[in-house]
Amino acid sequence: MLNLGEQAGGNVRAMSLIHATRVLMISSLVPFAITLFWGLDLNRPPGKPAIDIPLHEIAIMILAGIGGWQIAARIGIPGSSIIGPLILTAFCTLSGLINSRPPAEMILIAQFIIGLAVEARYSGMTSEELRKYVVAGVAYTAIVGVVSVTMIFIVVRALRLEPLDALLSFLPGGQPEIPVIALAAGSDIAFVATHHILRMLLVIVFAQAFSGWLGRY
């Protein structure tokens with residue numbers, strides 16, 4: 001979205017702060033909701049320790065992550081750093097090369113890096129930016145949050161989905177951040193990640209079309 005906005009002549013700093021605020025709010029509130037309503041202990045290890053997972057599978061995961069990222073980036077796939085590894089790792093899993101979830105240490109490192117990446121966007125923020133962009137981000141997140149929660153209730157009742165899976169799939173959180181929370185919560189990561197990838201692709205497609213329409217006026 002930042003790349004599209006920059007190409008359209010938008011204020012990248014403003015867009016970055018608004019999106020970072022959205023991701024920060026959702027990523028901070030979701031664990032509290034999961035703990036409160038589902039009673040899950042998110043402090044427990046999110047998976048088996050690395051010592052209990054075959055070394056060759058860990059090596060394949062790392063290679064699939066780096067290789068999938070680079071291949072997707074060269075092709076020009078949006079969100080290449082997560083979609084590329086997802087596709088390549090899915091292929092390795094379906095082919096039987098990987099039979100384990102990522103080790104707990106790998107998931108914890110991912111959570112740590114994602115936390116740093118989100119917070120680093122606030123570096124050098126001025127009081128004027130705080131007043132304008134962060135407050136706008138909070139208001140925007142509240143509005144889409146209400147829409148998302150309404151949609152979650154509808155799909156849970158109509159499609160009989162698991163409430164936790166529906167919550168993590170339909171919240172407007174970050175594409176990398178919510179699947180990591182899903183891993184820690186023991187949710188259906190494939191279900192959650194697929195929904196967020198689809199959401200991201202639809203948003204990018206419609207944003208490009210809408211941006212072109214706005215440009216004519």
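Predicted model: local features only at pLDDT ≥ 70, side-chain atom pairs only at ≥ 80, totals over all residues.
Colleague: In which helix is Ala193 found?
Modeller: Residues are numbered from 1 along each chain as its sequence is written; side-chain values use heavy atoms, with hydrogens and water left out. Helices are DSSP runs of H or I with at least four residues, and strands are runs of E with at least two, both numbered from the N terminus. On that basis, Ala193 belongs to helix H9.

Colleague: Is Ala193 buried or exposed?
Modeller: A residue is buried under 20% relative accessible area, exposed over 50% and partly exposed in between, with a 1.4 Å probe and protein chains only. Because its relative accessibility is 8%, Ala193 counts as buried.

Colleague: With which residues is Ala193 in contact, leaving aside its neighbours within four places in sequence?
Modeller: Contact means heavy atoms within 4.5 Å. With those neighbours left aside, the contacts of Ala193 are Leu86 and Pro179.

Colleague: How far apart in space are Gly173 and Leu24, C-alpha to C-alpha?
Modeller: Gly173 lies in the loop between H7 and H8, and it counts as buried because its relative accessibility is 1%. Beyond four places in sequence, its contacts are Arg22, Ile26, Ile178, His196 and Arg199. Gly173 and Leu24 are 149 residues apart in sequence, while their C-alpha separation in space is 8.4 Å.

Colleague: What is the relative accessible area of Ser187?
Modeller: Ser187 has its place in the loop between H8 and helix H9 (189-215). Not counting residues up to four places away in sequence, Ser187 touches Arg101, Leu164, Asp165, Leu168, Ala182 and Val192. Ser187 is buried, and its relative accessible area is 6%.

Colleague: At what angle do the axes of H5 and H8 cross?
Modeller: Axes are lines fitted to C-alpha atoms, for helices over the stretch in contact, and angles between N-to-C directions run from 0 to 180 degrees. The axes of helix H5 (residues 104-120) and helix H8 (residues 177-185) come within 10 Å, and their crossing angle is roughly 145°.

Colleague: Which residues of H8 meet H5?
Modeller: From H5, the residues taking part are Ile107, Gln111, Ile114 and Val118. Glu177, which is buried because its relative accessibility is 12%, is in contact with Ile114 and Val118, among others. The H8 residues that meet H5 are Glu177, Val180, Leu183 and Ala184.

Colleague: Which element of the chain has the highest mean pLDDT?
Modeller: The chain averages a pLDDT of 86, and 98% of the residues score at least 70. Helix H1 (residues 2-7) has the lowest mean among the elements, 72. The highest mean, 94, belongs to helix H3 (residues 55-75).

Key. pLDDT = per-residue confidence, 0-100.
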